[in-house]
Amino acid sequence: DFHIHIISFILAFSVFAFLFIAGYSAAISNNRIFNFENNLPSWKKAQYYFVYGTKYVLGSFIVIIPSILTFALASWFAYYFQSLFIPFFVLFSIFAIISMIYLSIASALYCSRLKISAFFDYKSIVKILVENFNSYMSYLTAQIGIYTLFSIVLGVFQVIKPLAFVMSPML
């Protein structure tokens with residue numbers, strides 16, 4: 001019973017710390033955008049950092065909901081209707097790529113305003129994307145390359161692990 005309280009306290013503290021750090025990071029970005037002297041945010045406003053972090057995480061989560069739903073649908077279709085897995089996987093991939101680009105722009109916009117409405121200012125987000133299209137395509141290419149490399153490395157370890165298990169009695 002005592003251990004449950006300790007674990008609950010650690011989890012609650014971790015969530016609070018994460019939201020506080022996210023909010024402080026957003027305040028640093030906001031300060032960097034509007035204050036060319038590059039000073040760190042004042043600790044006099046520390047009570048707001050938790051709120052900024054909560055708005056940031058909530059806005060980010062709402063933005064990725066379509067990707068989560070298409071992933072859930074793709075998984076469900078893969079289980080019950082294997083022939084429909086590929087179309088839903090492609091749809092999920094498209095939503096994931098769009099979410100990745102959209103979220104990066106919306107996050108920057110949030111940091112400039114510190115208002116959750118920045119995540120849903122579609123007109124500004126599209127304008128930023130159009131004005132910086134080549135940069136975002138480079139970003140997307142780099143992200144896909146990193147994910148692909150990460151997948152290959154994990155795939156190699158998935159092959160090596162069973163081989164090591166099978167070969168271990170022979171050693």
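Modeller: For the classes, Ala, Val, Leu, Ile, Met, Phe, Trp, Tyr, Cys and Pro count as nonpolar, Asp, Glu, Lys and Arg as charged, and the others, Gly among them, as polar. The model is predicted. By those classes, the second largest pocket has a lining of five nonpolar, three polar and one charged residues. The lining consists of Ala27, Asn30, Asn31, Pro41, Ser42, Lys45, Tyr49, Tyr52 and Leu114. Two elements, α1 (2-34) and α2 (46-80), each give two or more residues to this lining. Of the elements, α1 gives the most, with three residues. The space in the second largest pocket comes to about 160 Å³.

About 250 Å³ of space lies in the largest pocket, and its lining is made up of Phe89, Phe92, Ser93, Ala96, Ile97, Met100, Ile144 and Tyr147. Here α3 (85-113) and α5 (133-167) are the elements that give two or more residues, and α3 gives the most, with six. By class, seven residues in the lining of the largest pocket are nonpolar and one is polar, with no charged residues.

Arg113 is partly exposed, with 34% relative accessibility. Asp121 counts as buried because its relative accessible area is 19%, and buried means under 20%.

Technical notes. Residues numbered from 1 in each chain as written. Predicted model: local features only at pLDDT ≥ 70, side-chain atom pairs only at ≥ 80, totals over all residues. Heavy atoms only, no water. Buried < 20%, exposed > 50% of the residue type's maximum accessible area, 1.4 Å probe, protein only. 1 Å grid on protein atoms, 1.4 Å probe; cavity = no way out; pocket = protein on both sides within 12 Å on 5 of 7 lines; lining within 4 Å. Points joined across faces, edges and corners; volume = space filled by probe spheres on them. Helix = DSSP H or I, 4+ residues; strand = E, 2+ residues; numbered from the N terminus.
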